[in-house]
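Hi,

Here is the structure I promised to pass on. Have a look at it first, then read my notes below.

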Amino acid sequence: RVEIEEALRARLLATTAVSDLVGAQVHPQQAPEDEDLPLVTYATSDPEQEETLAGTYLNLYSQQFRWDCYGGRSGGSYRSAKAIAKAIRAVMHGGIALGEEIAAGSGVYFRGSEQDGGDDNLDAPIHGDDRGVDYVGLMARIWWSL
């Protein structure tokens with residue numbers, strides 16, 4: 001069985017609106033040190049298993065995800081970061097049908113999502129002559145089942 005994180009990453013990379021913007025550069029936690037921009041990093045919480053009022057656990061889980069979308073280093077950095085976030089948002093909110101397997105062969109099925117916040121920011125430059133890197137954070141809660 002594939003983990004939900006791996007299934008969502010595979011789905012994003014299989015979506016041309018995302019892969020056309022970042023290639024295969026979607027990384028858990030942080031990107032490799034000298035990775036080219038633009039790119040996406042993601043983090044998640046532990047899954048919460050849903051239960052009935054009678055205390056019976058269901059085959060239904062919810063989990064918080066955060067995607068940080070980093071733009072390029074050129075003049076369109078902010079615009080690039082916004083476009084990546086928009087493409088990911090489209091996948092999470094309407095790009096996967098209810099009950100659909102998130103990624104082929106994953107055994108993980110989409111049960112719903114809701115946007116749960118986000119922010120725009122700038123990673124400060126390391127050196128005084130650098131510009132920094134724009135990023136857009138996108139948060140969502142995903143419901144899924146096995």
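Among contacts between residues at least 6 apart in sequence, 59% join residues at least 24 apart; contact here means heavy atoms within 4.5 Å. Before you go further: this is a predicted model, where local features need pLDDT of at least 70 and side-chain atom pairs count only at pLDDT 80 or more, while totals for chains, interfaces and linings use all residues. Residues are numbered from 1 along each chain as its sequence is written, and side-chain values use heavy atoms, with hydrogens and water left out.

The overall picture is three helices and six strands, in the order α-α-β-β-β-β-α-β-β along the sequence. Helices (H or I, at least four residues) and strands (E, at least two) are DSSP runs, numbered from the N terminus. The C-alpha atoms fill a box of roughly 60 × 25 × 25 Å, taken along the principal axes. Of the 146 residues, 38% count as buried; buried means under 20% relative accessible area, exposed over 50%, and partly exposed in between (1.4 Å probe, protein chains only).

Now for helix H3, residues 77-92. It has 16 residues and reaches 23 Å from its first C-alpha to its last, close to the 22 Å expected at 1.5 Å a residue. (The expected span is 1.5 Å times one less than the number of residues.) Which residues of H3 are buried? They are Ser77, Ser80, Ala81, Ile84, Ala85, Ala87, Ile88, Val91 and Met92. Seen down the axis of H3, these fall within an arc of 160°, so they line one face of the helix; the arc is that of the directions from the helix axis to the C-beta atoms. The general rule behind this is handy: an α-helix has 3.6 residues a turn, so residues three or four places apart point the same way. On the other side of H3, Arg79 and Lys86 are exposed. The buried residues of H3 pack against several elements, including helix H2 (16-22), strand E2 (39-44) and strand E4 (57-70). After H3 comes Gly94, with a positive phi near 120°.

Helix H1 (4-14) is another partner of the buried residues of H3. The axes of H1 and H3 come within 11 Å and cross at roughly 115°. Axes are lines fitted to C-alpha atoms, for helices over the stretch in contact, and angles run from 0 to 180 degrees between N-to-C directions. Where do the two helices meet? Leu8, Arg11 and Leu12 in H1 meet Ile88, Val91 and Met92 in H3.

H1 has its own buried residues: Ile4, Ala7, Leu8, Arg11 and Leu12. They cover an arc of only 135° around the axis, which puts them on the same side of H1. These residues pack against H2, E4, H3 and E6.

Glu5 also lies in H1, and at 22% relative accessibility it counts as partly exposed. Leaving aside residues up to four places away in sequence, Glu5 touches Tyr42, Thr44, Gln63 and Phe65. Glu5 and Ala43 are 38 residues apart in sequence but 8.7 Å apart in space, C-alpha to C-alpha.

Last, two spots in the backbone. A cis peptide bond joins Leu37 and Pro38, with omega about 0°, and Pro38 lies in the loop between strand E1 (26-28) and E2. Gln29 is found in the loop between E1 and E2, and has a positive phi near 65° although it is not a glycine. At 60% relative accessibility, Gln29 counts as exposed.

Cheers

How values were computed. Expected span 1.5 Å × (residues − 1).
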